Amino acid sequence: MGRHVWGRTVGALILGVTVAAASGCSSDSKADAKPKARAEAVSLDEASTEFQAAVTEQDLAGGCPEKEAGTCWEQMQELMEPARTLRKAMNAEKSVGADFWTEAYALIDTMEKGVAVGEDRGVAPGVTNRPDVFGSAHKLRDWIDAHPVT
């Protein structure tokens with residue numbers, strides 16, 4: 001008889017804990033929900049200036065004079081970050097349509113293709129990814145100068 005009482009008590013406790021945990025975790029109240037933090041959007045002007053400054057800084061630092069593979073990966077990454085920010089700012093800009101950005105998007109996509117291999121491949125013909133990143137960055141800087149959005 002003692003076993004049955006003990007089993008029922010343990011069973012009731014487990015059931016009680018399970019119900020309490022389930023009801024505490026499944027609140028449907030929107031007031032309980034925490035708002036998600038949103039990243040502050042960068043203006044197109046700020047993003048353009050940041051990108052152009054990154055390209056200019058690369059030029060002033062001498063670009064990537066080494067021919068060996070793996071020596072310019074860091075510089076590639078330093079251009080990709082502002083290029084990605086620029087793309088987000090372009091997406092958010094509503095004063096012009098998506099067609100306006102076609103060439104700029106294509107240049108950023110080419111840069112992305114260049115870094116997608118995951119390394120700097122040096123200057124060996126047929127395998128280099130530097131023109132995709134560095135060359136497209138310079139073309140994009142020139143495109144931004146020729147296509148101001150005001």
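Because the model is predicted, local features rest on residues with pLDDT of at least 70 and side-chain atom pairs on pLDDT 80 or more, while totals for chains, interfaces and linings use all residues. Residues are numbered from 1 along each chain as its sequence is written, and side-chain values use heavy atoms, with hydrogens and water left out.

The chain contains five helices and zero strands, where helices (H or I, at least four residues) and strands (E, at least two) are DSSP runs numbered from the N terminus. Along the sequence the pattern is α-α-α-α-α. Of the 150 residues in the chain, 27% are buried; buried means under 20% relative accessible area, exposed means over 50%, and partly exposed lies in between (1.4 Å probe, protein chains only). Contact means heavy atoms within 4.5 Å. Among contacts between residues at least 6 apart in sequence, 74% join residues at least 24 apart.

Two packed helices are described by the angle between their axes and the distance between the axes. Here the axes are lines fitted to C-alpha atoms, for helices over the stretch in contact, and angles run from 0 to 180 degrees between N-to-C directions. Angles under 35 degrees count as roughly parallel, over 145 as roughly antiparallel, 65 to 115 as roughly perpendicular, and the rest as oblique. A crossing is left-handed if the near helix is turned anticlockwise from the far one by less than a right angle, and right-handed if clockwise.

Helices α2 and α3 pack at about 160 degrees, with their axes 8 Å apart. This angle makes α2 roughly antiparallel to α3. The crossing of α2 past α3 is left-handed. On the α2 side the contact includes Leu 44, Ala 47, Phe 51 and Val 55, and on the α3 side it includes Leu 79, Pro 82, Leu 86 and Met 90. By class, the residues of this contact are 11 nonpolar, four polar and two charged. For this count, Ala, Val, Leu, Ile, Met, Phe, Trp, Tyr, Cys and Pro are nonpolar, Asp, Glu, Lys and Arg are charged, and the others, Gly among them, are polar.

Helix α2 (residues 44-60) also packs against helix α5 (residues 130-146), their axes coming within 10 Å and crossing at roughly 130 degrees. The two helices are therefore oblique to each other, and their crossing is left-handed. Among the residues that meet are Ser 48, Phe 51 and Val 55 in α2, and Phe 134, Ala 137 and Ile 144 in α5. The contact of α2 with α5 is made up of six nonpolar, five polar and three charged residues.

Helix α4 (residues 102-115) and α5 have axes that come within 8 Å and cross at roughly 160 degrees. They are therefore roughly antiparallel to each other, and α4 passes α5 in a left-handed crossing. The residues in contact include Ala 104, Leu 107, Ile 108 and Met 111 of α4, with Val 133, Ala 137, Leu 140 and Trp 143 of α5. Nine nonpolar, three polar and four charged residues form the contact of α4 with α5.

Helix α5 has 17 residues and reaches 24 Å from its first C-alpha to its last, close to the 24 Å expected at 1.5 Å a residue. The expected span is 1.5 Å times one less than the number of residues. For α4, 14 residues should span 20 Å, and the end C-alpha atoms are 20 Å apart, which agrees. The buried residues of α5 include Arg 130, Phe 134, Leu 140 and Trp 143, and what covers the buried residues of this helix includes α2, α3 (73-92) and α4. In α4, the buried residues include Tyr 105, Leu 107 and Gly 114; the buried residues of α4 pack against α2, α3 and α5.

Phe 134, in helix α5, is buried, with a relative accessible area of 14%. Not counting residues up to four places away in sequence, Phe 134 touches Gln 58, Cys 64, Cys 72, Gln 75, Met 76 and Leu 79. Phe 134 and Cys 64 are 70 residues apart in sequence and 9.1 Å apart in space, C-alpha to C-alpha. Arg 84, in helix α3, is partly exposed, with a relative accessible area of 33%. With the exclusion of residues up to four places away in sequence, Arg 84 touches Glu 112 and Val 115. The C-alpha atoms of Arg 84 and Ile 108, 24 residues apart along the chain, are separated by 7.7 Å.
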